[in-house]
Amino acid sequence: MAPPTCQFISTGGTIAMKIDPAGNAPVPALSGDDLLASVPGLQRIATLRVNNLFNLPSDYMGPEQWVALHRAVEEALAQEEVAGVIVSHGTDTLEETAWFLDLTIASEKPVVLSGAQRNASEPDYDGPRNLLNAARVCVAPDACGRGAMVVLNNQINAAREVTKSHTSDVEAFKSGDFGVLGTVDDDRVVFARAPLRRQHIPLVGVLPSVAIVSMYGGADGSMIRCAASSGVKGIVVQALGWGNVSLAMYEAIHEAIDAGVAVVISTRVPNGRVRPIYGFTGGGKTLKDVGAVFADNLSPQKARILLMLSLQTQKSTASLQSLFDR
């Protein structure tokens with residue numbers, strides 16, 4: 001019996017890099033076909049169709065590439081014989097691409113993203129093992145209905161929760177308070193839970209521009225004003241703690257909201273929700289009172305993606321807040 005068919009979409013990243021002798025540094029070098037050829041036994045797991053969509057460092061990935069990738073994934077999943085999609089991707093923005101696909105792909109078929117922390121010239125290159133495990137997850141019956149997943153280092157993480165937590169370790173991707181969805185053991189794929197906080201937001205037009213501005217000790221609000229004057233439709237504030245900012249930042253946020261810019265409050269703290277608790281000027285409650293939206297437990301980069309998608313159709317604070325609360 002032939003193994004299931006999966007679409008493999010190669011987008012580049014460290015997994016597709018090798019050391020360039022001229023510069024003595026890793027650069028894009030491998031196609032999707034090259035990547036699959038490096039994985040022993042893969043053909044016994046799945047029949048993979050290759051789409052060499054990009055060969056980019058993931059630092060170059062953004063809304064234009066996300067939309068193109070979304071279309072490629074959606075087109076593949078619409079084919080009855082395709083069991084799921086595997087995307088090879090650089091790790092720097094892997095969590096953003098995974099979250100974008102999780103929000104915009106309606107199919108129940110698995111979408112599995114993977115990459116590598118070490119390039120293909122290194123003796124302990126982790127790419128082949130990660131790709132083999134991604135294929136095993138993609139064809140696993142229990143993988144259906146779990147949205148976009150990130151598979152590296154024998155671990156399966158949900159798109160909403162996962163983040164890159166270390167610059168170089170092979171076990172770089174963590175899911176904070178909630179932990180992994182499951183593991184890829186030598187004998188089988190084991191799922192321990194399902195991601196429950198999922199929603200679908202279709203692509204309906206050009207994604208609006210949204211900026212991220214950080215709060216830090218002494219922040220004067222000038223970056224908020226700069227972003228608002230540049231014409232962005234939304235700003236995500238990487239606030240402190242539960243979602244608090246300085247007086248100067250509060251004043252700039254108030255001005256931006258009055259000017260019609262949607263402002264979402266996230267936090268630089270890795271775990272936990274933002275909430276409108278504190279009543280000092282610049283505290284979360286005062287930000288909510290002037291019309292800011294709270295990002296729940298989404299990181300600034302993931303809050304930005306949800307805001308971009310939401311602003312396609314939603315404008316009111318209440319409607320935006322309802323999407324962040326789901």
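A: Two strands pair if DSSP finds at least two bridges between them. Helices (H or I, at least four residues) and strands (E, at least two) are DSSP runs, numbered from the N terminus. The model is predicted: local features need pLDDT of at least 70, side-chain atom pairs count only at pLDDT 80 or more, and totals for chains, interfaces and linings use all residues. Residues are numbered from 1 along each chain as its sequence is written, and side-chain values use heavy atoms, leaving out hydrogens and water.

Take strand E5, residues 82-88.

Strand E5 pairs with strand E1, residues 5-12. The two run parallel, joined by 6 bridges. Cys 6 has Gly 84 of E5 as its bridge partner.

Strand E6, residues 111-114, also pairs with E5. That pairing is parallel too, over 4 bridges. Here Ile 86 is bridged to Val 112 of E6. Between E5 and E6 the chain passes through helix H4, residues 94-104. This β-α-β crossover is right-handed: with the strands pointing away from the viewer, the path from the first strand over the helix to the second runs clockwise.

Now the helix. In H10, residues 317-325, the buried residues are Ser 319, Leu 320, Gln 321, Leu 323 and Phe 324. These pack (contact: heavy atoms within 4.5 Å) against E15, H8, strand E16 (293-294) and helix H9 (300-310).

Methods. Buried means under 20% relative accessible area, exposed over 50%, partly exposed in between (1.4 Å probe, protein chains only).
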